[in-house]
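Have the structure open as you read.

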Amino acid sequence: MNICIIGQGYVGLPISIKAASAGHKVYGLDTDSLKIEQLKIGISTSPEVTKDQILMLQKSNQINFVTELVDDLSIEVFVIAVPTPLNEHREPELKMLKNACLTIAKFIESECLIINESTSYIGTLRNFIYPLIEENSSAKNLKYAVAPERIDPGNNVWHLENTPRIVSGLDQIAIDLAIKFYSTFCTRVYQVEKPEIAEAAKLIENTFRQVNIALVNELSEVASKFNFSLHDAINAAATKPFGFMPFYPSIGVGGHCIPIDPAYLSYSARLVGVESKFIDLANATNLAMPAKIVSRIESQLSYKISGMKIQIAGIAYKTGISDIRESPALELIRVLESRGSQITYHDPLVSNWKHLYSEPLRTDIDLGIIVTPHAQIDFSIWKESGTKVIDLSLSSNDYGWPKFL
Ligand SMILES: NC(=O)c1ccc[n+]([C@@H]2O[C@H](COP(=O)([O-])OP(=O)(O)OC[C@H]3O[C@@H](n4cnc5c(N)ncnc54)[C@H](O)[C@@H]3O)[C@@H](O)[C@H]2O)c1
């Protein structure tokens with residue numbers, strides 16, 4: 001089939017590569033011309049995709065990276081994979097989704113299938129995408145499906161092919177066409193009755209994590225006051241062979257999913273007049289963690305951090321990737337700076353953020369804080385120099401989890 005994947009980021013690029021490898025002819029569309037230029041020379045935007053894959057599929061003309069579509073490409077399937085962030089009120093910001101729909105409306109031909117993979121509120125396919133494209137296109141008999149992306153960039157076990165793909169659509173023909181498409185590169189496709197179920201499933205998955213992480217983050221305050229390690233308590237609870245799933249406290253949640261999707265679920269609830277206090281509380285609890293942790297660091301050190309030279313190791317939201325969206329490290333930096341600390345950071349995958357540029361690990365600092373210990377960071381210089389270090393990461397390493405958290 002001729003496919004157009006709109007958005008070539010963490011979600012869209014792996015889909016483009018898998019679809020092209022499965023034999024489809026793929027147009028990888030992105031409005032970011034720099035990204036497209038980079039993709040053309042094999043620079044990947046995703047840890048799932050290698051330079052060799054990109055170059056090989058372009059050479060065989062199986063994939064074309066473009067900033068604009070032209071007429072007469074005979075595209076049979078459009079897949080939407082554009083960002084769906086939050087606005088300043090932490091409500092859905094669907095400008096990019098709207099623009100993607102308008103692009104589809106301009107180039108779509110009759111009988112085509114449109115699939116939304118972008119995460120959005122419940123009812124987006126039926127009440128936003130469908131009317132927008134229908135109002136702006138003269139094409140007839142279009143089919144609409146939804147297949148929310150569940151990829152976890154950098155996860156070596158669960159990836160696009162073996163993570164079950166939830167699929168639904170506005171009618172059975174759309175569902176069947178979407179199943180046919182995903183079956184060419186996914187091992188399991190799971191059909192649900194209505195698009196709203198698929199949209200809700202995606203939001204529920206990530207809200208489940210947000211709520212459980214918020215619970216242990218709240219408990220970390222209790223453990224801190226009682227002066228015991230919450231990790232030890234959670235590990236003890238996890239010896240129960242049923243009915244318990246361990247989550248661990250942290251500085252908060254980051255990326256384009258866990259901090260954002262619950263806000264989309266909460267928005268969905270408000271659309272139908274339901275107040276989702278529980279979800280909103282989880283969001284607020286996790287957002288408050290960097291400030292709480294700074295206060296705990298101050299009480300642990302028994303002196304104010306004002307004037308201290310602090311270096312943060314790793315500011316991306318998780319190890320192995322360069323994505324800083326919603327990263328709690330950024331809020332940590334903001335809080336530390338507002339309390340008078342002098343901040344530098346080291347992150348081999350993030351060259352700069354606002355006024356700061358990544359610098360090598362330093363030893364002329366009062367405190368090092370490990371947030372995201374990428375495998376590429378060599379901590380030996382801190383270890384050998386005896387630099388005071390607090391490790392806020394969830395990974396087990398030589399520094400261990402600070403008991404006061
Ligand atoms: N990142 C993840 O781990 C992840 C996982 C599952 C689902 N999602 C969801 O997938 C969607 C995409 O997220 P992402 O992380 O891939 O974002 P991203 O920022 O990595 O990539 C999106 C790309 O879309 C491009 N774009 C924006 N508007 C466009 C338009 N009108 N036409 C063409 N290109 C356009 C941007 O330039 C960008 O390159 C979001 O809804 C997100 O919630 C993300």
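Helix α5 covers residues 124–136, and at 1.5 Å a residue its 13 residues should span 18 Å; the end C-alpha atoms lie 17 Å apart, which agrees. The expected span here is 1.5 Å times one less than the number of residues. Helices (H or I, at least four residues) and strands (E, at least two) are DSSP runs, numbered from the N terminus.

Keep in mind that this is a predicted model: local features need pLDDT of at least 70, side-chain atom pairs count only at pLDDT 80 or more, and totals for chains, interfaces and linings use all residues. Residues are numbered from 1 along each chain as its sequence is written, and side-chain values use heavy atoms, with hydrogens and water left out.

**Around helix α5**

At Tyr130, α5 bends by about 30°, and a proline, Pro131, follows within four residues. The bend is the angle between axes fitted to the seven residues ending at a residue and the seven starting there.

Which residues of α5 are buried? They are Thr124, Leu125, Phe128, Ile129, Leu132 and Ile133. Buried means under 20% relative accessible area, with a 1.4 Å probe and protein chains only. Among the elements covering these buried residues are the strands β5 (113–116) and β6 (143–146), and the helix α7 (195–226).

**A buried alanine**

Ala174 sits in helix α6 (residues 172–182). Ala174 counts as buried because its relative accessibility is 0%. Leaving aside neighbours within four places in sequence, Ala174 is in contact (heavy atoms within 4.5 Å) with Leu113, Lys143, Tyr144, Ala145 and Gly169. Tyr144 is 30 residues away along the chain, yet the C-alpha atoms of Ala174 and Tyr144 are separated by 5.7 Å.

**Enclosed spaces**

How many cavities of 30 Å³ or more does the structure hold? There are two. On a 1 Å grid over the protein atoms alone, a cavity is a set of points where a 1.4 Å probe fits but cannot get out, and lining residues have an atom within 4 Å of a point. A volume is the space filled by probe spheres set on the points, which are joined across faces, edges and corners.

| Cavity | Volume | Lining residues include |
|---|---|---|
| Largest | about 50 Å³ | Pro148, Glu149, Arg150 |

How values were computed:
Buried means under 20% relative accessible area, exposed over 50%, partly exposed in between (1.4 Å probe, protein chains only). On a 1 Å grid over the protein atoms alone, a cavity is a set of points where a 1.4 Å probe fits but cannot get out, and a pocket is an open set with protein on both sides within 12 Å along at least five of seven lines; lining residues have an atom within 4 Å of a point.
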